[in-house]
Every structure is written in structure tokens, then in C-alpha cells.
Amino acid sequence: MAMYENGAPAHSIAEAVWVKARASDAFNNCVEISRIGDGGVALRNSRYPEGPALVFTRSEILAFLDGAVKGEFDGMTV
């Protein structure tokens, strides 16, 4: 499997199967996520599907999700 760097064009990640939350609206205002490479995860902005993807390791995503579940980022949405 290929390894990707942060900022890689999202469309260049051939193996990506992008998934978005069911709560996204009709204007595609959502972050999309895909498994890639050796357990990595890529994120892209659905409004700019050809734009750059942020690439994270599995442990980075797990740490982020743990913080999100615990409410550590709740202040970011207000």
C-alpha cells in the first residue's frame, strides 16, 4: 500500500473510500474520512474534494476520538 503525506491531493489517494456523517447537509458541509495505507486515516473537506487531505496515524485518530467523546473539544463549535 502507498504511504501518503499530509497535504496530498485527496483525489490522488486511489485507495480512499470516503465516508461522511449522516448528519451532513445537502451542501456537503462535512468532513470525510477514509482508511488508507498501513492503518492510516485521511480526512478531507467535502466542499473541496479535490483539495488536500490531512493524513493521520491510527493512534493519532484514536487520541482525537477519545478527546471528542470526552467533550474536550466541545468549545470549538461555539
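Modeller: Let us begin with a term: a residue is buried under 20% relative accessible area, exposed over 50%, and partly exposed in between (1.4 Å probe, protein chains only). The model here is predicted, so local features need pLDDT of at least 70 and side-chain atom pairs count only at pLDDT 80 or more, while totals for chains, interfaces and linings use all residues. Residues are numbered from 1 along each chain as its sequence is written, and side-chain values use heavy atoms, with hydrogens and water left out.

Biologist: Why does phenylalanine 64 count as partly exposed?

Modeller: Phenylalanine 64 counts as partly exposed because its relative accessibility is 45%. This residue lies in helix H1, residues 58-69, where helices (H or I, at least four residues) and strands (E, at least two) are DSSP runs numbered from the N terminus.

Biologist: In what order do the elements of the protein run from the N terminus?

Modeller: The order is β-β-β-β-β-α, which gives 5 strands and 1 helix.

Biologist: Which residues make up the largest nonpolar core?

Modeller: A nonpolar core is a set of buried Ala, Val, Leu, Ile, Met, Phe, Trp, Tyr and Cys residues joined through side-chain atoms within 4.5 Å. Here the largest one has 9 residues, namely Tyr4, Ala10, Ile13, Ala16, Trp18, Ile36, Ala42, Ala53 and Val55.

Biologist: Is valine 55 buried or exposed?

Modeller: Valine 55, found in strand E5, counts as buried because its relative accessibility is 14%. Valine 55 and tyrosine 4 are 51 residues apart in sequence, yet 7.0 Å apart in space, C-alpha to C-alpha. Leaving aside neighbours within four places in sequence, valine 55 is in contact with Tyr4, Glu5, Asn6, Ile36, Val41 and Ala42, where contact means heavy atoms within 4.5 Å.

Biologist: What share of the 78 residues in the protein is buried?

Modeller: Buried residues make up 27% of them.
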